[in-house]
Amino acid sequence: MFLNKFFHFLKGYVILNLTGFKIERFLYIAVKRGLVVTDISRKNGDQLTLKMSIRDFFKVWPIAKKTGTRVKIVKKAGLPIILKKYKKSIDG
């Protein structure tokens, strides 16, 4: 359990909020294409919150367009995000 969370932190992850009527279809297509989706929770009938790696996040947009699902980033976290933040503060 700890190692799983640690590797998620090292790779970086985003927490997404999905809204739409075809969220289940979105998840099915995402998993079928090999995207790793974790910590899925339903807020209400047409909203879903999930966690995925940053690398997989860039592959989400064609699926969202195909299913008509709106994708909103709730939180970005992980080592790449922290390093990017400190690199900006050092550079200028």
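Which helices each supply at least two residues of the nonpolar patch? Helix H1 (2-11) and helix H5 (79-91) do. This is a predicted model. The protein chain has 5 helices and 4 strands. Of its 92 residues, 35% count as buried.

**Overall layout**

- Along the sequence, the protein chain reads α-β-α-β-β-α-α-β-α.
- The C-alpha trace spans about 45 × 35 × 25 Å along its principal axes.
- Ala77 and Leu10 are 67 residues apart in sequence, and their C-alpha atoms are 9.6 Å apart.
- Ala77 sits in strand E4 (residues 70-77).
- Ala77 counts as buried because its relative accessibility is 11%, and the cut-off for buried is under 20%.

**The nonpolar surface patch**

- Phe2, Leu3, Phe6, Phe7, Phe9, Leu10, Leu79, Ile82, Leu83, Tyr86 and Ile90 make up a nonpolar patch on the surface.
- Together these residues have about 1,100 Å² of accessible area.
- H1 gives the largest share of the patch, with 6 residues.
- Ile90, one of the patch residues, lies in helix H5.
- Ile90 has a relative accessible area of 70%, so it is exposed.
- Phe6 also belongs to the patch. Its relative accessible area is 37%, so Phe6 is partly exposed.
- Phe7 is another member. Phe7 counts as partly exposed because its relative accessibility is 48%.

**The positive surface patch**

- A patch of positive charge on the surface gathers Lys22, Arg25, Arg33 and Lys66.
- Lys66 belongs to helix H4 (residues 61-67).
- Lys66 has 49% relative accessibility, so it counts as partly exposed. The cut-off for exposed is over 50%.

**Salt bridges**

- Side chains of opposite charge can pair when their charged atoms come close.
- How many salt bridges are there? The count comes to 2.
- Arg42 is partly exposed because its relative accessible area is 42%.
- Glu24 is partly exposed too, at 45% relative accessibility.
- Another salt bridge joins Lys51 and Asp39, with the closest N and O atoms 3.0 Å apart.
- This pair also links distant parts of the chain: Lys51 is in strand E3 (residues 47-53), Asp39 is in strand E2, and they are 12 residues apart.
- Is Lys51 buried or exposed? Lys51 counts as buried, because its relative accessibility is 16%.

**Asp39 and its backbone**

- Asp39 takes part in the salt bridge with Lys51, and its place is in strand E2 (residues 37-44).
- What is the phi of Asp39? Phi is positive, about 50 degrees, although Asp39 is not a glycine.

**Aromatic pairs**

- A pair of aromatic rings is described by the distance of the centres and the angle of the planes.
- The count here comes to 3 aromatic pairs.
- Phe6 and Phe7 have ring centres 6.1 Å apart and planes at 55 degrees, so this pair is tilted.
- Phe57 and Trp61 form an edge-to-face pair, 5.5 Å centre to centre, with 75 degrees between the planes.
- The cut-off for edge-to-face is over 60 degrees.
- Phe57, Phe58 and Trp61 form one aromatic cluster.
- Phe57 has a relative accessible area of 8%, so it is buried.
- Trp61 has a relative accessible area of 42%, so it is partly exposed.

Definitions and conventions. Residues are numbered from 1 along each chain as its sequence is written. This is a predicted model: local features need pLDDT of at least 70, side-chain atom pairs count only at pLDDT 80 or more; totals for chains, interfaces and linings use all residues. Side-chain values use heavy atoms; hydrogens and water are left out. Patches are made of residues with over 30% relative accessible area and no salt bridge: like charges are joined within 9 Å, nonpolar side chains (Val, Leu, Ile, Met, Phe, Trp, Tyr) within 5 Å. Accessible areas come from the Shrake-Rupley method with a 1.4 Å probe; for residues, only the protein chains shown count as cover. A salt bridge is a side-chain nitrogen of Lys or Arg within 4 Å of a carboxyl oxygen of Asp or Glu. Lys and Arg count as positive and Asp and Glu as negative; His and the chain ends are not counted. The place of a charge is taken as NZ of Lys, CZ of Arg, CG of Asp or CD of Glu. Buried means under 20% relative accessible area, exposed over 50%, partly exposed in between (1.4 Å probe, protein chains only). Rings of Phe, Tyr and Trp (its six-membered ring) pair if their centres lie within 6.5 Å; planes under 30 degrees apart count as stacked, over 60 as edge-to-face and the rest as tilted.
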